[in-house]
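Here's a quick briefing on the inside of a protein model. Have the structure open while you read.

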Amino acid sequence: MTDGAVNQPARVLVAADKFKGSLTAVQVAERVSAGLRRVVPDLAVETLPVADGGDGTVAAAVAAGFERREVRVTGPLGEPVTAAYALREGAAVVEMAEASGLQHLPEGVFAPLAATTYGSGELLRAALDAGARTIVFGVGGSATTDGGAGMLAALGARFLDAGGEPVGPGGGGLRDLATADLSGVDPRFKDVELVLASDVDNPLTGPKGAAAVYGPQKGATPEDVETLDAALAHYASVLGPEQAEQPGAGAAGGIGYGALVALGASFRPGIEVMLDVLGFASALERATLVITGEGSLDEQTLHGKAPAGVAAAARAADIEVVAVCGRLSLPPQALGRAGIRRAYALTELEPDPAKCMAEAGPLLERAAEAIARDFLR
């Protein structure tokens, strides 16, 4: 028996996130399972694709048995897009990126000042219309920095300039905000549990705020960042500055703030929420080894990303964890502190990054074969 072997009969739980740009979380689980069974043909493998609130959250819920629902909503540039949410027995999983995410922007096109979260509000309303009493609102991967103003406008809020006219879309329009009327916000939110699920806990404004930290990846220039941060600060002064400092207020371009200040949302780390929703605890009870992972295991992984959440829960249950990833930039000591015994990176098999991404599926099967040889024989 090799070092790190688990007691037989082994039962493996594959609970990994997507490899962004290469494989969905469902595909990761399929490839890992195939590689493991090539070495141990009769191995019991359970798959539970996971997500941390960002893009891929709805897909993870659907893989866990939720029903996928599609609706036409307003995209970040104002054009109609098709967005999905997940529903099961009165519980909905809504992913803001489905409506307002970067994937809805044409390649190379950004609108940092004008992109709107209006469609995210329409998506939340669709979940309410479908009878949701609990909504997990996954926020991440946004193309927007409007503080959730677009979302709230879709739900009945009014944001007016000094002349009594609606302000323009996006964070840039908030510079002209004179009055905000939240009295028309859909009253059903008073009776719904809305959980804001995010892997970031940034405040709304300032050097760690939505515009400063995440604006550049949405096409914002340094001047745009300054404009957006000032606009968000002004917006918060009108709606209520207290919630602007709360953890998660700066998530997804400040949509977290909008949900906290006007929809009665509560914030929880995204991976914690999703592990609850997906039934991870019961799956963990059946496992003797857990395999987690994501595209890049790096310093960010340790701060609320899916593999860290999976590893923490498994360690608490005294179950060994190994990880798969595209690339690895964490030393063994950091992995150990996170509860991960060992990580298998695809770049160890194929050092060319472009080739590694293009051939991620077969490479991941080879990594899983190595895990099976090291831990299951």
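What volume does the second largest pocket have? That pocket comes to about 250 Å³. This is a predicted model, so local features need pLDDT of at least 70 and side-chain atom pairs count only at pLDDT 80 or more, while totals for chains, interfaces and linings use all residues. Residues are numbered from 1 along each chain as its sequence is written, and side-chain values use heavy atoms, with hydrogens and water left out.

**Pockets**
- A pocket here is an open set of points on a 1 Å grid over the protein atoms alone, where a 1.4 Å probe fits, with protein on both sides within 12 Å along at least five of seven lines; lining residues have an atom within 4 Å of a point.
- For the second largest pocket, 18 residues make up the lining, and Ala 149, Ala 153, Phe 159, Val 167 and Gly 168 lie nearest its centre.
- The largest pocket holds about 1,400 Å³ of space.
- Its lining counts 46 residues, with Lys 20, Asp 199, Glu 294, Gln 300 and Lys 305 closest to the centre.

**Cores**
- A nonpolar core is a set of buried (under 20% relative accessible area, 1.4 Å probe, protein chains only) Ala, Val, Leu, Ile, Met, Phe, Trp, Tyr and Cys residues joined through side-chain atoms within 4.5 Å.
- The largest one has 52 residues, and Leu 124, Ile 135, Phe 137, Tyr 235 and Leu 263 touch the most other members.
- Another core, of 41 residues, lies apart from it and includes Val 195, Met 274, Leu 278 and Leu 297.

Notes:
Buried < 20%, exposed > 50% of the residue type's maximum accessible area, 1.4 Å probe, protein only. Points joined across faces, edges and corners; volume = space filled by probe spheres on them.
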